Amino acid sequence: MTLNSVQARDIAYVVHQQTNLSDYAESGGPVMVKGDGIYVIDDAGNRYLEAMAAMWCSSLGFSEKRLAEAAYKQMLEMPYYHMFNKSHLPGIDLAEKLIQIAPRSPSHEPLSKVLFQCSGSEANDTAIKLIWYYFNAIGKPMKKKIIGRERGYHGNTVATVSLSGQPHMHADFDPLSTVFRHTANPHYYRYHRDGETEQDFAARMAEELEALILAEGPDTVAAFFAEPVQGGGGAITPPATYFERVQQVLRKYDILFVVDEVICGFGRTGNMWGSQTYDLQPDMLTCAKALSASYQPISALLISQTIFDAMLAQSRKLGSFAHGFTYAGHPVACAVALETLRIYEDDHIVDHVRTVAPGFLRGLEAFREHQLVGDIRGVGLIAGVELMADRQRRVPFDPALKMGQRVADACQQHGLIVRAIGDRIAFTPPLIITEAEIDDMCGRFGRGLDAVAASINGSAG
Ligand SMILES: Cc1ncc(COP(=O)(O)O)c(C=O)c1O
């Protein structure tokens, strides 16, 4: 493979994260230089349809001028200020707006306060710290353990990666094992028993969660984290009744529910929040990515008044709420996030997702009978395509074949960026994608799949 001079400098100086470093040192990667709607263009002039919104992020695509203008205007007025004992208007406006649009349920205490950070990891890390702080404050210091799910993903700080159920991210990074536990992954297609309905499977998942809580001791379990749709696990939608069952268990043992909306928030699942799609009642909610359409790094943690009251009492006792990051609630990021939320309203983005989602799912469904495909599931504009050696008997490919990566590479050759998560291919295009662009996306995907199938059939013959 011939590398151009920019790629050579890239390899010489940059350490690429979540990347096979030795492969990358050989092959390099495309150097993206320009965005155009939902397409990106590399320095060699190749044009790709970004069917992952570049890491589940670019909800408004790559050329939204209103966001550039919002950043520029804010930089001229107040380019930086912090929020330790002081405040600024974009931060106040954004917090107020987030609470106005936060998911609500008549039977559950509303979310009423916002803490800002710069990334999804920091938002979840802050949630973990607050869970411990809260239970210490209310005199339940034994409640320390936090349960995540296998294949769940909540970030890459020491705490959030330990909470995540991603063994390859734990390997040799010495994750914390004292307080984090993992319950089963509710991936129905992959793990259901023969004859088990989605409802039966969901009941079994909830029973496994309850058994884990009982084994650990309910008085030691503080919180449960879940993404409405598991993103980093492979764009896995929850089976019917799963969250209803799980929430019953959490309520029974006084366990806080932290809903990680870092991917699902702001329209992805066809509602403003994944919590609305699946009727979740969060005690805390984290969001990032589409909060600013990722034109600026910003995340938020939303908490209830009960939790805030405990923090208030604690900070009175200790002299301060001694937590915070320099760039948390950066005014430029807040201004861009506010403008993003305005665009969502002006352009009726949730309605748009609902309009195009059926075509998106139908377009992918058309590959159900493809030789490489086992299953396809999605909601709104997020979907996972599971590659399988034998669809009927649910036999996966030998991992050594790296089938998922081969398909993603072949798609890239055909001008389509998707993400391979093991042998699941994830799709989360920008929310502004049109019906014609969905057709384009599916056409390119089909050509990528066919190319890999042809290479297998050729080598078998
Ligand atoms: C559900 C979820 N939570 C948290 C994170 C971590 O966010 P960040 O990479 O911004 O730290 C991610 C990242 O993809 C995510 O998908």
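Modeller: Happy to! Let's begin where strand 3 (residues 47–50) and strand 13 run parallel, joined by two bridges. Strands pair here if DSSP finds at least two bridges between them. Helices (H or I, at least four residues) and strands (E, at least two) are DSSP runs, numbered from the N terminus. This is a predicted model, where local features need pLDDT of at least 70, side-chain atom pairs count only at pLDDT 80 or more, and totals for chains, interfaces and linings use all residues. Residues are numbered from 1 along each chain as its sequence is written.

Within that pair, L49 stands opposite L416 of strand 13. Now step back to the whole sheet: it is open, has four strands in the order 1-2-3-13, and its pairing is mixed. Strand 1 (32–36) and strand 13 (416–417) are at the edges with a single partner strand each, so one side of each has no neighbour in the sheet. In general, strands of a sheet pair through backbone hydrogen bonds, either parallel or antiparallel.

Next, the loops. Most residues other than glycine have a negative phi. D174, in the loop between helix 8 (167–170) and strand 6 (180–183), has a positive phi near 50 degrees. F266 has a positive phi too, near 75 degrees, and lies in the loop between strand 8 (256–260) and helix 12 (274–277).

How do their surroundings look? With C-beta atoms placed from the backbone, a residue is buried if 20 or more other C-beta atoms lie within 10 Å of its own, exposed if 12 or fewer, and partly exposed in between. D174 is exposed, because its count is 9, whereas F266 is buried, because its count is 29.
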